[in-house]
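The entries follow the order in which I looked things up.

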Amino acid sequence: MKRLLPVLTVLIVIIIAWYGAAVGMNAKWAQDQALRQNIELNTSVLIADTWNQDRPRLPAPHQVAQELWKTTGAMMIKGKAMSKRSLIFHGWITLSATLLGFVIGTGAGILLAVGIVYNKAMDMSVMPWAIASQTIPILAIAPMIIVVLNSIGIQGLIPKAIISAYLSFFPVVVGMVKGLRSPDQQQLDLLSTYNANRRQGFWKLRLPSSMPYLFTALKIGMAASLVGAIVGELPTGAIRGLGARMLTGSYYGQTIQIWSALFAAAILAATLVGIIGYIQYRTLKRMGMQP
Amino acid sequence: MTAKPTVEAKGLDLTFQTNDGPVDALKGVDLTISKGDFVSFIGPSGCGKTTFLRVIAALENPTGGSITVNGMTPDEARRQRLYGYVFQNAGLYPWRTISGNIKLPLEIMGFSKAERQARVEKVLKLVDLDGFGKKFPWQLSGGMQQRASIARALAFDAEILLMDEPFGALDEIVRDHLNEQLLELWARTGKTIGFVTHSIPEAVYLSTKIVVMSPRPGRITDIIESPLPKERPLNIRDTLPFLEITQRVREGLRAGHAYND
């Protein structure tokens, strides 16, 4: 309860502010409508109207919640979880690209980090490129990746996963290089007195030392992966995925749809990061690292 | 003794190249350590005592002179796993239990699983940590952690035990206790021990041979063969011969201008 109370307080403040903002942003439309029909609106009717428009500028929280339920839970009850109007379906499309991209990005990140730590030439050459790669706006490079891959017949999951991987490898590289280098000189000297070889040094010292760094990097990488998958769905006019839902929503002024897709993405990200956090907790606890 | 000395250094030099120019960490060091000796290195910071220990363990390369360990170069001796090294802080892996930590060198050296277990139990008894094998390092006091790190160094039966201020971070009561235990352990195992310390009583109490060093450049100012018997209760520190050696160590330190800066 002690931990819940501050969270709930913030949540309530946000919801109140949100309802307030909905009134402010949607009032003009309601008044214009009323003017056209020559009706006088009193304040309570006006406020009620701003919270229940079909295409509000800013949908009220309960509208987003209703839409979320309508497109997930209600669909499941009807047995249409995988229909094209279901957020579960679109979420799964995005999730699959996210996870594939995350696996590729994390794998590449770890391999690059090992190379950087163990190979002087790679240490000098790879890191500047890795940093440079992140200075290119992903929105600029995402359409190019999709178009180029499309021209050689690859489309759908793979291009999105590659964009995901492009975003998620970087935190893993940086985190793992730091983690693999975290053992101090004394620990390395100790292995040297045992005449341990490089492989033993890696498996017995460097890799376990890097675990806390790895998990932190994985959390950042996972969130970045999701952003990558969504960005990958935006520029191509994709018709499936959370990104596509946001895009079509904005074409047709379906703000409620945009917001519910946004929330679906946020819930997805929170869940994924939460899962990594749980694995981190269990792993580090088993390693005796959290007294 | 006709056997070749365990460690033999002749005219050993080591110069570090630093940004402020070369620093003579060791200059013309001559020293012979015989098998079974307990040799303490004492001197102020910067006198090269730790550096000398690291040269023996092949963690530093000398820039001049010669040094042999059992007739080999230090690096050959390292490859034959002749050294158990104990650092100033225990340096146990936090993700391994005490047993796991002691098993680390055994795993690296390819001992069988049964052999590892047997050795862990043996050395845990040796350092009086029976029953603590399943604990993680953070669950143990500083003194116990240091004992575990000594157990780790003993586990693979290295011939030479090199200890770099192993008790420097511990309080005096724990230190006395560990000194006593260390002597007992040395008597029981007959290992050759190189021991770096800042403490004059510790050096005199433990050693058969005390090497007094002084800084800039790091060199040996005196080598004292201790006349004390092998059997040493703690109260030997109040006897006349003990105080005489203490006096001589102090003079050696003063002669090296160690107190001037």
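I looked up B:Ala9 and found its bridge partner in strand 2 of chain B to be B:Leu31. I took strands as DSSP runs of E with at least two residues and helices as runs of H or I with at least four, numbered from the N terminus. The model is predicted, so local features need pLDDT of at least 70 and side-chain atom pairs pLDDT 80 or more, while totals for chains, interfaces and linings use all residues. Residues are numbered from 1 along each chain as written, chains are lettered from A and ligands numbered from 1 in written order, and side-chain values use heavy atoms, without hydrogens and water.

I noted that strand 1 (residues 7-18) and strand 2 of chain B pair in the antiparallel sense over nine bridges; pairing requires at least two DSSP bridges. I then traced an open antiparallel sheet of three strands in chain B, in the order 2-1-4. Its edge strands are strand 2 (21-33) and strand 4 (64-69) of chain B, each pairing on one side only.

I turned next to the interface. I found 24 residues of chain B in contact (heavy atoms within 4.5 Å) with 20 residues of chain A. I recorded two salt bridges across the interface of chain B and chain A, taking a side-chain nitrogen of Lys or Arg within 4 Å of a carboxyl oxygen of Asp or Glu. I checked A:Asp189 and B:Arg54, which form a salt bridge with the closest N and O atoms 2.8 Å apart.
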